[in-house]
Amino acid sequence: MFRCLGSSRSPLKFCAKRLFHSGSEMQSPLVLVSTANPNAVPLARDLLAAGEVIALPTDTVYGLACDANNPGAIQKLYQIKGREEKKAVAICVAEIDDFHRWGDAAHLPREMLSELLPGAVTLVVNKSSRLDNPFLNPGFQRIGIRIPDCAFIRELSRAFRAPIALTSANKSSEPSSLAVAEFRALWPLLGAVFDGGQLGLTDAQRAASTVVDLSQEGRYMVIRRGVAMENTESVLQRYKFREEAQE
């Protein structure tokens, strides 16, 4: 059986196999799409615009994504993840200019950002006033921003032209996912799953992105070491940033 999706905003007409779970049809038939499909980016863009939560590959692990400035979508993301609101989610953008648009990064050398991004690192800065979703990290003045070194998600970010909330595709406290089958339990809750294949061959990849707080001028605080700590620290120290211990 097939599910066909169209869009009033684009000529997209896309059909994907309808999947079944435990021998019975799911209430919301899932669309499973290869990222190599030429219609994948337009479909993902339209689903984000409709307030859906989707799963997609990054340069580290599979992620759950939605429109960062859509209150309903963010609430849905937290529900699917089983995550407490006090645990922040990051946003994903396409370019360094977007980083400056959505985060307060005037104190960060552009050359340094260009050495770190795109890459497997999340840089935490103060939020821009343009991030006005009250459900996006309530109680936090800072936001983690990613530019993944992954063609699919960067193309999607360019097409969507707005920040995309991003967190790992797993229930809170469970291991992150390197293949779509590993978060199969979440499939019925998603608008679509975009399959980029196996993302890593070892469990070391599950450490996900390195997270560093750069909200204070000239200082950095390591929040999560992740997969890119060595390179990240090398770049920061070359630009005379000094490490500050977590409180």
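**Inside the fold and its charged pairs**

Let me begin with V124, which is buried, at a relative accessible area of 9%. Buried means under 20% relative accessible area, exposed means over 50%, and partly exposed is in between, with a 1.4 Å probe and protein chains only. Before going on, please note that this is a predicted model, where local features need pLDDT of at least 70, side-chain atom pairs count only at pLDDT 80 or more, and totals for chains, interfaces and linings use all residues. Residues are numbered from 1 along each chain as its sequence is written, and side-chain values use heavy atoms, with hydrogens and water left out.

V124 sits in strand β10. Helices (H or I, at least four residues) and strands (E, at least two) are DSSP runs, numbered from the N terminus. Not counting residues up to four places away in sequence, V124 touches several residues, including R142, V211, D213 and I223. Contact here means heavy atoms within 4.5 Å.

Two of those residues also pair with each other: D213 and R142 form a salt bridge, with the closest N and O atoms 2.4 Å apart. D213 is in strand β14 and R142 in strand β11, so this pair ties together parts 71 residues apart in sequence. A salt bridge is a side-chain nitrogen of Lys or Arg within 4 Å of a carboxyl oxygen of Asp or Glu. D213 is buried, at 5%, while R142 is partly exposed, at 37%. By this rule there are 11 salt bridges. Another one joins K76 and E52, at 3.9 Å from N to O. K76 is in helix α2, and E52 is in the loop between α1 and β6, 24 residues away.

Next, helix α6, residues 229-238. Which of its residues are buried? They are M229, T232, E233, V235 and L236. Seen down the axis of α6, these fall within an arc of 160°, so they line one face of the helix. The arc is that of the directions from the helix axis to the C-beta atoms. What covers them includes β10 and β14.

Last, the largest nonpolar core, which has 48 residues. Such a core is a set of buried Ala, Val, Leu, Ile, Met, Phe, Trp, Tyr and Cys residues joined through side-chain atoms within 4.5 Å. Among the residues that touch the most other members are L64, F183 and L214. Helix α2 gives the largest share, five residues. A second, separate core of 21 residues includes L47 and I153.
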